[in-house]
Amino acid sequence: MRRSQRGLALVVVLGVLGLTGCSSSTGGGTTPTPTPAPAPALNACLQMSSVSDLAQAAAVDCGTPHEGQVYAVVGLPPGLTDPADRTQLGRLDPNAVCPNLRPWVGYSGAVPLGVLRTWRFPTREQIAAGARWTACVAVVGLAPDHKTLSRTVGSLNGRLTGKTNPLPSLLGRCAQTHTAKAFSPEKCELGSAQWVWLGEHKKPTGAFPGKAAAKKVADAGCRTLVTRYGRGGGWVAYPTTAKAWGSSAADWSCWLQMSQLRS
């Protein structure tokens, strides 16, 4: 089994997206007073133009191709006054703002869920006018160009109820290469050269057991996942030093090429 000789530090990265409202001008050269924008409706499906464009989103019928769906509406994070300010956004913890997606989607499996979460906020002007909401949005990942989001049709709410095994078209968190570092998850394509993240194992308490012992545990854990869901060899990353062990939340992470995943 192929292994990483680097310390393990796996972080899923997805662009933070924001929803802005529309404004209109009035005659006479005066600027209209902004009004608090209402939050998008729960379960509303949204068309969102790109990963980096914070200004465009439109509610559409879920039978129309779209990029996201509102799975929760919560309050505005304290201190957020301008969603276009990357410094402000960088201070936010998505886990503290938006709830877990799994109950809404209905997934109870162990393989990392490929439906990811992002958010939408009112504009700076709407916040100044009193808007105080955050729309938590489910998306199915980046498109291959990494500039747009993958589209889906139909509601994601409850779509995976009762599912416990990988569904490559929806569940997998895929990347162009396996990695022990940050990666931008793409929608998985069955039979492709992409690598799907099968999961990681929470590091046990205690001191670094040594490279040989860490390798033995990592190989065995990843081999179990590969045997369960695919064929051939996987790729496992694990901490190789005491320093890497101390900074990692996991003692191993496992990847499998999509062409080796059983359908």
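Residues 24 or more positions apart account for 72% of the contacts in the chain with a separation of 6 or more, where contact means heavy atoms within 4.5 Å. This is a predicted model, in which local features need pLDDT of at least 70 and side-chain atom pairs count only at pLDDT 80 or more, while totals for chains, interfaces and linings use all residues. Residues are numbered from 1 along each chain as its sequence is written, and side-chain values use heavy atoms, with hydrogens and water left out. The secondary structure comes to six helices and ten strands; these are DSSP runs numbered from the N terminus, helices being H or I of at least four residues and strands E of at least two. Of the 263 residues in the chain, 46% are buried. Buried means under 20% relative accessible area, exposed means over 50%, and partly exposed lies in between, with a 1.4 Å probe and protein chains only.

**Nonpolar cores**

- A nonpolar core is a set of buried Ala, Val, Leu, Ile, Met, Phe, Trp, Tyr and Cys residues joined through side-chain atoms within 4.5 Å.
- The largest such core has 22 residues, and Y71, L101, W104, V115, F121 and A138 have the most contacts inside it.
- Two or more residues of this core come from each of β4 (68-75), α3 (102-105) and β6 (133-139).
- Leaving aside residues up to four places away in sequence, L101 touches Y71, L113, V115, L116, R117 and A138.
- Another core, of 17 residues, lies apart from the largest one and has L225, V226, C254 and L261 among its members.
- In soluble globular proteins, nonpolar side chains tend to be buried together.

**Aromatic pairs**

- Rings of Phe, Tyr and Trp (its six-membered ring) pair if their centres lie within 6.5 Å; planes under 30 degrees apart count as stacked, over 60 as edge-to-face and the rest as tilted.
- The count by this rule is three aromatic pairs.
- One of them is the tilted pair of W119 and F121, at 5.3 Å centre to centre with 45 degrees between the planes.
- W119 and F121 are both buried.
- F208 and W245 form a tilted pair, with 5.8 Å between centres and 55 degrees between planes.
- This pair links distant parts of the chain, 37 residues apart: F208 is in the loop between β8 (195-202) and α5 (211-229), and W245 is in helix α6 (residues 242-247).
- F208 is partly exposed at a relative accessible area of 22%, whereas W245 is buried at 7%.

**Strand pairing around β8**

- Two strands pair if DSSP finds at least two bridges between them.
- Strand β7 (residues 174-175) pairs with β8 in the antiparallel sense over two bridges, and A175 stands opposite W195 in β8.
- Strand β10 (residues 250-257) also pairs with β8 in the antiparallel sense, over seven bridges.
- In that pairing, H201 stands opposite W252 in β10.

**Helix α5**

- α5 has 19 residues and reaches 27 Å from its first C-alpha to its last, close to the 27 Å expected at 1.5 Å a residue; the expected span is 1.5 Å times one less than the number of residues.
- Its buried residues include A214, A218, G221, C222, L225 and Y229.
- An α-helix has 3.6 residues a turn, so residues three or four places apart point the same way.

- Q194 is in the loop between β7 and β8 and is buried at 6% relative accessibility.
- The side chains of Q194 and S192 are joined by a polar contact of 3.0 Å.
- Not counting residues up to four places away in sequence, Q194 touches residues including C174, A175, E186 and L256.
- R117 is in strand β5 (residues 116-120) and is partly exposed, with a relative accessible area of 25%.
- The side chain of R117 reaches the backbone oxygen of P99 at 3.0 Å, and a polar atom of that side chain lies 3.1 Å from the backbone oxygen of C98.
- D82 is in the loop between β4 and α1 (86-90) and is buried, at 17% relative accessible area.
- The side chain of D82 reaches the backbone nitrogen of A84 at 3.0 Å.
- Beyond residues up to four places away in sequence, D82 touches Q88 and R124.

Note on methods:
A polar contact is a pair of N or O atoms within 3.5 Å; within protein, one must be able to donate a hydrogen and the other to accept it, and residues adjacent in sequence count only if both atoms are side-chain atoms.
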